[in-house]
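This report describes how parts of a protein model are arranged and how they touch one another. Please keep the sequence and the structure in view while reading.

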Amino acid sequence: MNMTTSIPVLRRRFRIRFGGHPRVLYVGLGITIFWFILALGADVIAPFDPNAHDISNVLDPPSFTHWFGTDNFGRDVLSRVIHGTRVDLQMGLIGVILPFLLGTVVGAFSGYFGRFIDIVLMRILDVMLSFPWLVLLIAIITVLRPGLGSFYVAITLVGWVSYARLVRAQTLVLKNSDFVHAAVSLGYGHLRILFRHILPNALIPSIVFSMSDVVLVILAGSSISYLGLGVQPPTAEWGVMIAEGQNFIVTAWWITAFPGLSIVLLAFGFSLLADGLGEKLGVRE
Amino acid sequence: MNAKVLEVRDLEVTIETPAGVLTAIDRASFDLRKGEILGLVGESGSGKTLTGRAIMRLLPSKKMAIRSGTIHVNGEDITRYDESRMRGVRGRIIGMIFQNPSSHLDPVMTVGKQIAESIKFHEGLSSKASLLRAAELLRQVDIPDPHIRLNSFSHEFSGGMRQRAMIAMALACRPKILIADEPTTALDVTVQAQILNLLLDLRQRRGLSIMLVTHDLGVVAQTCDTIAVMYAGRLVERATKKDLLSGPLHPYTKGLIASQPGKTQPRQQLPSISGQPPALASFPEGCRFHPRCEFSEAECQAAVPALEQADRDHYTACRRWHSLVQQKVLGAA
């Protein structure tokens with residue numbers, strides 16, 4: 001991964017386009033729901049305890065007992081992948097919601113009030129964009145102390161810029177729209193107009209974008225965990241699993257392959273969902 | 001005669017441009033009485049819409065400003081109000097409806113919620129009570145099944161219904177004055193007649209005073225009590241509907257009336273006023289209509305004609321009106 005690539009370019013790279021077929025939306029939705037079910041029902045679905053060591057079955061290849069094999073501690077890889085879904089989905093969702101909220105507020109105020117606020121906020125945004133984002137992410141986490149909490153703080157500080165830009169652009173257009181003029185003519189104040197009339201109309205592109213952003217955040221989260229800065233072992237998380245399994249990649253490929261495939265499939269689902277949703281809501285990037 | 005609810009005196013609206021400060025509305029004065037419908041007529045760019053917006057203090061650009069003049073509403077000069085006091089005037093004392101109802105309704109909020117929001121905002125009613133009031137308003141503007149229609153979005157409404165919904169929204173807090181900016185322009189003729197009848201009906205029932213901004217003399221003839229004609233940012237003639245339509249005292253008004261279809265014979269070409277209205281940056285000296293006026297003299301270029309009283313309630317800004325009446329060119333035929 002080229003560390004200096006800018007966020008929008010990276011996001012475009014991870015975003016897979018499938019043209020405007022409505023089926024895309026439902027396939028994406030199906031895959032996403034599948035992962036949510038796995039995450040919610042992990043305790044029931046997983047055949048083994050994800051953290052139970054079994055010294056007699058170390059590095060077993062995939063079999064009928066252990067579908068995805070076992071790792072160097074004899075832990076069941078399938079169970080760990082299923083439990084990892086919880087952590088990774090949670091990372092993806094919280095890691096998108098927090099920047100979404102911050103970016104929306106910043107973009108809305110910037111676009112609506114303009115002038116000084118706009119100039120200041122947009123210059124901060126330019127500075128953020130000029131940094132290689134992954135380096136910035138790692139730097140913030142390192143300063144704070146490695147862990148999931150720091151990851152959320154860092155992704156919020158890094159990720160809000162895209163949402164701020166989207167919402168600001170929409171707000172700029174909408175604040176001069178006719179129905180906003182009509183709202184002003186009814187005597188409404190700025191905050192009511194901004195939050196009740198402009199924002200509900202301005203959020204649609206952000207919502208579509210957030211779906212594809214989930215993909216990037218999960219990838220970022222796994223990468224950070226892989227580097228040992230995010231989720232800490234022995235917690236089952238896909239990035240952590242890949243990191244732990246890489247020493248055995250030649251002899252026991254299954255330890256890294258299945259968490260890796262899971263990331264791909266989760267990303268694939270959200271990508272399709274984003275694409276279909278964008279098509280359905282008539283949003284073009 | 002009823003009391004004046006709106007008195008506009010010498011209203012001057014200016015626009016700051018790179019070429020200097022231009023005057024978009026030049027000392028316009030008119031009154032609106034309780035229960036009266038005033039038609040503000042003029043071509044595109046004559047400043048009629050801007051006049052309506054200036055009264056609401058909703059000028060479309062920050063480069064525009066009310067330079068001088070007063071706007072008295074119920075005896076108080078609202079040009080002195082600050083923005084927060086103005087919010088109490090908008091919607092509560094002066095309501096406004098617009099030309100294009102489709103784009104003036106919030107696309108992602110139900111019509112009922114939009115009307116109820118205004119009631120809740122201005123009168124502090126509960127959500128439930130204001131929704132009931134909203135349904136009642138929809139019934140008053142003749143929307144069938146109002147309780148069901150409350151939950152519709154504006155794209156589910158027809159053009160005429162959207163304009164009705166806009167009227168309901170504007171009237172939600174019982175304003176005394178309604179500024180209707182070309183309310184029927186985007187509608188077809190039958191719906192147009194229905195909306196105009198609705199406005200007449202509301203005037204009757206609520207004692208509403210309406211300022212109807214339009215370029216359509218036909219609409220004015222159907223509804224208004226008084227007519228003010230604007231040309232290039234100035235009021236050129238003001239009279240009761242009957243006086244103005246039957247005996248115009250300004251050559252521009254006369255030209256406007258003559259260019260209406262109806263009086264001309266079939267296959268005959270419709271008379272028109274030659275030339276084009278001047279652009280804001282190049283308003284002519286003196287009377288702004290003189291380059292297009294068939295009766296203009298050298299003096300018309302020299303001095304700005306004042307709006308002078310020609311008759312009871314009949315004002316004209318043509319310095320030659322008297323001699324033209326004697327020549328039987330203007331005035332009642």
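## Two domains of chain B

In chain B, 23 residues of domain 1 are in contact with 22 residues of domain 2; two residues are in contact if their C-beta atoms, placed from the backbone, lie within 7 Å. The domain assignment places domain 1 of chain B at 4–230 and domain 2 of chain B at 232–326, and such bounds come from an automatic or database domain assignment. Taken over C-alpha atoms, the centres of these two domains of chain B are separated by 27 Å.

On the side of domain 1 of chain B that touches domain 2 of chain B, strand S2 (20–33), helix H8 (217–223) and strand S9 (226–231) of chain B each supply at least two residues. S2(B) gives the most to this side, with eight residues. Helices (H or I, at least four residues) and strands (E, at least two) are DSSP runs, numbered from the N terminus. By class, this side of domain 1 of chain B has 13 nonpolar, seven polar and three charged residues. Here Ala, Val, Leu, Ile, Met, Phe, Trp, Tyr, Cys and Pro count as nonpolar, Asp, Glu, Lys and Arg as charged, and the others, Gly among them, as polar.

## Basis of the model

This is a predicted model, in which local features need pLDDT of at least 70 and side-chain atom pairs count only at pLDDT 80 or more, while totals for chains, interfaces and linings use all residues. Residues are numbered from 1 along each chain as its sequence is written, and chains are lettered from A and ligands numbered from 1 in the order in which they are written.

## An enclosed strand

Strand S8 (residues 209–214) of chain B is largely enclosed by the rest of the structure, because six of its six residues are buried. A residue is buried if 20 or more other C-beta atoms lie within 10 Å of its own, exposed if 12 or fewer, and partly exposed in between, with C-beta atoms placed from the backbone. Both faces of S8(B) are covered: one side holds Ser209(B), Met211(B) and Val213(B), and the other Ile210(B), Leu212(B) and Thr214(B).

Which strands pair with S8(B)? Strand S3 (residues 37–41) of chain B runs parallel to S8(B) and is joined to it by five bridges; strand S7 (residues 177–181) of chain B also pairs with S8(B) in the parallel sense, over five bridges. Two strands pair if DSSP finds at least two bridges between them. Leu212(B) in S8(B) stands opposite Gly39(B) and opposite Ala180(B). From S7(B), the chain crosses through helix H7 (residues 189–206) of chain B to S8(B) in a right-handed β-α-β crossover; with the strands pointing away from the viewer, the path from the first strand over the helix to the second then runs clockwise.

## The nonpolar core

The largest nonpolar core has 166 residues, of which Ala168(B) and Met211(B) touch the most other members. Such a core is a set of buried Ala, Val, Leu, Ile, Met, Phe, Trp, Tyr and Cys residues joined through C-beta atoms within 7 Å. Helix H7 (residues 148–174) of chain A contributes the largest share of this core, 13 residues. Apart from its neighbours within four places in sequence, Ala168(B) is in contact with Ile115(B), Leu137(B), Leu138(B) and Val141(B).

## Where the chains meet

Between the chains, 19 residues of chain B are in contact with 14 residues of chain A. H3(B) gives the most to the side of chain B that touches chain A, with three residues.
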